[in-house]
Amino acid sequence: MLEDDGGRAAWLESKRLLTSPERRIDTLRRLLAEDVDALLLYDYDLISDPQTVAIVRAQQRAAGQRRRRLRRLATRHRGTTNPRHPGR
């Protein structure tokens, strides 16, 4: 990474890799149909909450924006160190 962020990049990358809340809800529904487990039910209730879904989506958007920003900065950095094209 181009900057020292105190671990924020790793945290954001973990959020980017999360599955979509809808996909996770569907999976939990299928699992609960087979086995009514208290932990699965708690997880289903937690992820089914609209506020939780909004938070997960916001975290995924933030992670994607950061990844795109770092990629853009890396491209600019490579462009400025190229001796053939100074000032790029």
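Y42 counts as exposed, at 55% relative accessibility; exposed means over 50% relative accessible area, buried under 20%, and partly exposed in between, with a 1.4 Å probe and protein chains only. Y42 sits in helix 3, where helices are DSSP runs of H or I with at least four residues, strands are runs of E with at least two, and both are numbered from the N terminus.

This is a predicted model, with local features needing pLDDT of at least 70 and side-chain atom pairs counting only at pLDDT 80 or more, while totals for chains, interfaces and linings use all residues. Residues are numbered from 1 along each chain as its sequence is written, and side-chain values use heavy atoms, leaving out hydrogens and water.

Back to Y42. Together with L39 and L46, Y42 forms a nonpolar surface patch of about 350 Å² accessible area. Patch residues have over 30% relative accessible area and no salt bridge; nonpolar side chains (Val, Leu, Ile, Met, Phe, Trp, Tyr) are joined within 5 Å, like charges within 9 Å. Areas are from the Shrake-Rupley method with a 1.4 Å probe, and for residues only the protein chains shown count as cover.

Now the salt bridges. The whole structure has 2 of them, each defined as a Lys or Arg side-chain nitrogen within 4 Å of an Asp or Glu carboxyl oxygen.

One joins D43 and R24, at 2.8 Å from N to O. That pair links distant parts of the chain, 19 residues apart: D43 in helix 3 (residues 38–48) and R24 in helix 2 (residues 21–34). R24 is partly exposed, at 37%.

R29 and D26 also meet in a salt bridge, at 3.6 Å from N to O. These two are 3 residues apart in helix 2, so about one helical turn separates them. R29 is partly exposed at 46% relative accessibility, and D26 is partly exposed at 38%.
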